[in-house]
Amino acid sequence: FRIASMTKAIVSVAVLQLVEKGQVQLDDPIEKYIPAFAAQQVAVIRGDSFVTVPRIRSVTIRDLLSHQSGISSVDEHPAFRKLFKSYGLDQSLNTGFANLQEEVEHIAAMPLVHQPGERFSYGHSTNVLGRLIEIVSGLSLNDYLSKNIFRPLKMKDTYFYLPENKKDRLVKVYISRNVNGETKLSEPDPALFPVNYPLQKDHGYYSAIGGLVSTTGDYAKF
């Protein structure tokens with residue numbers, strides 16, 4: 001089944017492996033590895049619009065791990081919906097990017113929705129961590145997790161994209177609708193909510209915020 005945001009915990013452990021190896025430090029600014037973040041501003045609501053102001057400090061790896069970076073989501077900050085949409089970041093699980101590098105370029109270009117460290121603000125921070133793993137390790141996020149977490153733990157059913165011989169095991173997603181006073185379950189329209197992403201061909205995009213599928217047995221090993 002789709003483990004959604006439980007993907008974030010696995011990616012966070014992968015980052016902490018890099019910390020243990022001395023390859024990154026928790027208080028390193030993210031622009032040390034992804035220079036585009038050095039120019040990031042902060043958006044502030046002014047009436048019906050917003051203005052940008054300078055950051056008080058850099059976003060750190062610690063901020064990203066603890067979801068205090070100011071890189072958030074439209075669900076958490078609906079007042080900035082137009083801003084998220086203008087950068088293509090208004091979907092909770094966006095499979096439209098070619099890879100994490102492309103998505104993180106959009107994240108770095110968008111102003112933060114609050115100052116780093118100012119508050120907890122759930123969202124896309126873990127995708128930035130996924131890209132950090134790729135840069136530091138020289139591997140795709142998929143290959144890094146497979147080599148350093150899934151294979152050592154014998155997690156044999158955890159993937160971003162399911163192999164052909166396991167696709168029929170993926171559970172379906174249902175939503176409830178009220179039809180004439182009676183609750184009915186039905187599958188959502190994939191055009192409105194792309195729940196079938198694990199069945200796609202692996203095209204190189206690995207969502208660190210929620211793209212993995214797994215089993216209870218595999219996740220218990222983790």
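Me: Let's start with helix α6 (residues 141–150): how many of its 10 residues are buried?
Reply: Buried here means under 20% relative accessible area, exposed means over 50%, and partly exposed lies in between (1.4 Å probe, protein chains only). Helices are DSSP runs of H or I with at least four residues, strands are runs of E with at least two, and both are numbered from the N terminus. Helix α6 is largely enclosed by the rest of the structure, because its buried residues number seven.

Me: Before we go on, what kind of model is this?
Reply: Residues are numbered from 1 along each chain as its sequence is written, and side-chain values use heavy atoms, with hydrogens and water left out. Local features need pLDDT of at least 70, side-chain atom pairs count only at pLDDT 80 or more, and totals for chains, interfaces and linings use all residues, since the model is predicted.

Me: Back to α6: which helices do its buried residues pack against?
Reply: The buried set in α6 is L141, N142, Y144, L145, S146, I149 and F150. An α-helix has 3.6 residues a turn, so residues three or four places apart point the same way. Packing is judged by contact, meaning heavy atoms within 4.5 Å. The partners of these buried residues are α1 (6–20), α4 and α5 (125–137).

Me: In the β1–β2 hairpin, which turn residue has a positive phi?
Reply: Two strands pair if DSSP finds at least two bridges between them. Strand β1 (residues 42–46) meets β2 in the antiparallel sense over five bridges, and R46 has S49 of β2 as its bridge partner. Two residues separate the strands of this hairpin, and the one in the turn with a positive phi, about 65°, is G47.

Me: What is the bridge partner of V44 in β2?
Reply: V44 is found in strand β1 and counts as partly exposed because its relative accessibility is 25%. Leaving aside neighbours within four places in sequence, V44 is in contact with S49, F50, V51 and V53. The bridge partner of V44 in β2 is V51.

Me: How far apart are the C-alpha atoms of V44 and E105?
Reply: Along the chain, V44 and E105 are 61 residues apart. Their C-alpha atoms are separated by 21 Å.

Me: Which helix gives the largest share of the lining of the second largest pocket?
Reply: On a 1 Å grid over the protein atoms alone, a cavity is a set of points where a 1.4 Å probe fits but cannot get out, whereas a pocket is an open set with protein on both sides within 12 Å along at least five of seven lines; lining residues have an atom within 4 Å of a point. The second largest pocket is lined by I45, G47, D48, S49, F50, P78, A79, F80, R81, K82 and L83. Both β2 (49–53) and α3 (81–86) supply at least two residues each. The largest share, three residues, comes from α3.

Me: What volume does the second largest pocket have?
Reply: Grid points are joined across faces, edges and corners, and a volume is the space filled by probe spheres set on the points. For the second largest pocket the volume is about 160 Å³.

Me: How many charged residues are in the lining of the largest cavity?
Reply: The whole structure holds two cavities of 30 Å³ or more, and the largest has about 80 Å³ of space. Its lining includes Q40, F84, M110 and H124. Ala, Val, Leu, Ile, Met, Phe, Trp, Tyr, Cys and Pro count as nonpolar, Asp, Glu, Lys and Arg as charged, and the others, Gly among them, as polar. By that sorting the lining of the largest cavity has eight nonpolar residues, four polar ones and, for charged residues, none.

Me: Is D90 buried or exposed?
Reply: D90 sits in the loop between α3 and α4 (100–109). Not counting residues up to four places away in sequence, D90 touches V74, F84 and K85. Because its relative accessibility is 18%, D90 counts as buried.

Me: How is the pair of F120 and Y122 classed?
Reply: Rings of Phe, Tyr and Trp (its six-membered ring) pair if their centres lie within 6.5 Å; planes under 30 degrees apart count as stacked, over 60 as edge-to-face and the rest as tilted. The whole structure has five aromatic pairs. With centres 6.2 Å apart and planes at 15°, the pair of F120 and Y122 is therefore stacked.
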